[in-house]
Amino acid sequence: MTDVESIKLENHEIDLPEIDKLGPNKSKFWQIDLLKMISILLVIMDHSFPHSMLFEIGSPYWQRIAIPLFLIITGFNWAKSLEKHKDKPLRELYSWKGYFKKKLLRFLLPFGIIYALSIIFKIIINLTDVPLMDVAYYDDPVLKIILFLPVWGPGNWYIPVLFGFILIFPIMYKAFSRLPVVSLVVCFIVEYGWYSIIFILRVIWAMADYTPIGVWNYYNTLTILRCTPFRALSAVGLGIWLSQNHKWNSFRNIFIWIYGILSGIYLFFYTFRDFRFTTNVFGTDFAFFTGDYSMLHFGWSAMLILIVLNIFPKEPAGKSYRFISLISKSTYHILMVQIFYFSVIYNLYLPMFGDTPIFASFGGEFYWVHYIWYYPFNLLLTFSLGILWYKLENTYLWERMKLADKKRYEHAKARGWVT
């Protein structure tokens, strides 16, 4: 029997873990699956609780790391997938069949479905004359070109950043394969330069009292600049760096330890002392790094990934481990579901960032108790739909994953476990 998909296991409950042990997939890192699952849990938390509430319990250290983790993991996973092509010239890395087709099917198809649902949602809203939240960039045509949904949903900004990395990643990988240290330094320089451009524009518009310049207004221009891969170049670069060597005691990773500790110290002052790098321009203070997705924060997440890669097993066997891997594979679909789901919830029921969940606007001293049901409900809904969507979209791949690859099958066949 040569068709792997037609293999029948004699004892499904016993043989799959045994096959895992005999022929593990060397290209997979279960530690990364674990981190991806944790990250998507934190993303849903970020959109289910008021940021002010989470900030009071030190969210920059443990909850706001979700997106930095995803960005670094993106660099790690994509670099691992290109390792077998590392000797190919750059033009071959940009092949349609070997690169763009896979990436577009993986990311563009699910996003296209969410985009279509968002169009339908907006048509319904327009027909019923229900007011949407006052967000500046709903109808800007340029923002639609960079993949902003017709009706905004939290996390939408991540999509153009992700697709931007698809365009430039082979260049990054090729550079790191030849000059890793220089390439990582360049990533930091470019990211710093990009923030400098944003900073200068913010100062100019503040001095002009936010007067629109030409057809561009302040909010849309900054949104576009913040939705490019250059605002997070160092994070993906760190992922490529770790993909080349993630041993905790490697000399090259001394940098990760130092960078992570310094980032952790900064997070202490950022979180508990309200410290920001600011510059006074004509009597007004401007923060250079806006938000908490910047090179000042990425070091902490990179160090956490390094620790997890060295503490947890790479190839564990068993149902619970496989379930975590399933969630990991479904994270992008879960992200799509939550973007659309929260776009409906936020726009029709809640103020920005969900400061008051549905049926929980009672206020009072213990208003936080209302989130006891709201967050678990959001998790159950988004995870269930996201995993189901992934499985339906990847039925063929799902069957192959259950039966493992040809090498693992040959191991099992030699032991007489499959017929």
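Predicted model: local features only at pLDDT ≥ 70, side-chain atom pairs only at ≥ 80, totals over all residues.
**H16, length.** H16 has 23 residues, and at 1.5 Å a residue they should span 33 Å. I looked up the end C-alpha atoms and got 32 Å between them, which agrees.

**H16, burial.** Next I asked which residues of H16 are buried.

**H15 with H16.** I then took the H15 partner on its own. H15 covers residues 319–348 and H16 covers 371–393; their axes are 7 Å apart, at an angle of about 125°. Angles over 145 degrees count as roughly antiparallel and 65 to 115 as roughly perpendicular, so I put this pair down as oblique. The crossing is right-handed. Sorting the contact by class, I noted 16 nonpolar, six polar and three charged residues.

**H5 with H9.** Last, I went to H5 (residues 66–82) and H9 (residues 158–178). Their axes come within 11 Å and cross at roughly 35°. H5 passes H9 in a right-handed crossing. Which residues make the contact? From H5 I wrote down Ile67, Phe70, Leu71, Thr74, Gly75, Trp78, Ala79 and Leu82. H9 brings Tyr158, Val161, Leu162, Phe165, Ile166, Phe169 and Tyr173. By class I have 13 nonpolar and two polar residues here, and no charged ones.

Key:
Residues numbered from 1 in each chain as written. Heavy atoms only, no water. Axes fitted to C-alpha atoms, helices over the stretch in contact; angles between N-to-C directions. Helix = DSSP H or I, 4+ residues; strand = E, 2+ residues; numbered from the N terminus. Left-handed = near helix turned anticlockwise from the far one by under 90°. Contact = heavy atoms within 4.5 Å. Nonpolar A, V, L, I, M, F, W, Y, C, P; charged D, E, K, R; others polar. Parallel < 35°, antiparallel > 145°, perpendicular 65-115°, else oblique. Expected span 1.5 Å × (residues − 1). Buried < 20%, exposed > 50% of the residue type's maximum accessible area, 1.4 Å probe, protein only.
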